[in-house]
Amino acid sequence: MLPLIKRKVGETMVRTMTIDDYDEVYALWMSIHGFGIRSIDDTKEGVEMFLKRNPTTSAVDVEDGKIVGAILCGHDGRRACLYHVCVSEKYRMHGIGKKMVEFCCEQLKKEKINKVCLNAFVTNTVGNKFWQKMGWTLRTDLNYYDFALNEDNLTIFNK
Ligand SMILES: CC(=O)SCCNC(=O)CCNC(=O)[C@H](O)C(C)(C)COP(=O)(O)OP(=O)(O)OC[C@H]1O[C@@H](n2cnc3c(N)ncnc32)[C@H](O)[C@@H]1OP(=O)(O)O
């Protein structure tokens, strides 16, 4: 059995995400309007596989003993990517998103990774304003391509 993480009331911190956080993080993802949750990649098994490959680079933010922010972050030895960057609606605009992104970037630098990227839907006004405020570069000089290797890995969008 995995050890339970003990949290104190009033505890505030950004720390590395572990698989023990999965249930709370999943509940947070499900509360984020417009988030696309993958039917395979975002299961506990999918996230465990991701965290095993990338044990130090994903983040959660804990406020008053509960997880209110999360980022899945990993790399392939050359380029890093951020997924599911989110902060609970009630806790937004308090610097939590920024703190988590900075945490992930510091963890990536420790692994000598030089570049990190992400995808944000063009229609995601809040997300795009955030990335622009954070000083990230919007690339308009390339087309994004992908190819499904498993058609069962459906994306279901939260209402
Ligand atoms: C790869 C991806 O996941 S892309 C999708 C990104 N995620 C989402 O869209 C999910 C829904 N949104 C959220 O969860 C949150 O709004 C986030 C994660 C985008 C931002 O989290 P927050 O904790 O609110 O951001 P934080 O308070 O750290 O803001 C950092 C900076 O961005 C600015 N900012 C944040 N949100 C907005 C906004 N909606 N409009 C304008 N500026 C904003 C802040 O003013 C701040 O600027 P400052 O440093 O000059 O003061």
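Which backbone oxygen does the side chain of Asn-158 reach? The side chain of Asn-158 reaches the backbone oxygen of Trp-29, at 2.8 Å, a polar contact being a pair of N or O atoms within 3.5 Å, where within protein one must be able to donate a hydrogen and the other to accept it, and residues adjacent in sequence count only if both atoms are side-chain atoms. This is a predicted model, in which local features need pLDDT of at least 70, side-chain atom pairs count only at pLDDT 80 or more, and totals for chains, interfaces and linings use all residues. Residues are numbered from 1 along each chain as its sequence is written, and side-chain values use heavy atoms, with hydrogens and water left out.

**Confidence and annotation**

- The protein chain has an average pLDDT of 94, and 93% of its residues score at least 70, pLDDT being the predictor's confidence in each residue, from 0 to 100.
- The model scores ipTM 0.98 and pTM 0.94.
- According to an unreviewed UniProt entry, the annotation "domain: N-acetyltransferase" covers residues 12-152, and such annotations may be inferred rather than shown by experiment.
- The span 12-152 is 31% helix and 24% strand, where helices (H or I, at least four residues) and strands (E, at least two) are DSSP runs, numbered from the N terminus.

**The ligand and its shell**

- The ligand is surrounded by 24 residues, and the closest are Val-85, Met-93, Gly-95, Lys-98 and Asn-124; a residue is near a molecule if one of its heavy atoms lies within 4 Å of it.
- Strand 5 (79-87), helix 3 (96-110) and helix 4 (125-133) each supply at least two residues of this shell, and the largest share, six residues, comes from helix 4.
- A polar backbone atom of Val-85 is 2.7 Å from a nitrogen atom of the ligand, while a polar backbone atom of Gly-97 is 2.8 Å from an oxygen atom of the ligand.
- Asn-124 places a polar side-chain atom 2.8 Å from an oxygen atom of the ligand.
- Taken alone, the ligand exposes 980 Å², of which the protein buries 81%, with areas from the Shrake-Rupley method and a 1.4 Å probe.

**Individual residues**

- Asn-158 is found in the segment after strand 7 (155-157), and Asn-158 counts as buried because its relative accessibility is 11%, where buried means under 20% relative accessible area, exposed over 50%, and partly exposed in between (1.4 Å probe, protein chains only).
- His-84, in strand 5, has a positive phi of about 50° although it is not a glycine, and His-84 counts as buried at 15% relative accessibility.
- Lys-112, in the loop between helix 3 and strand 6 (115-117), has a positive phi near 65°, and Lys-112 counts as exposed at 68% relative accessibility.
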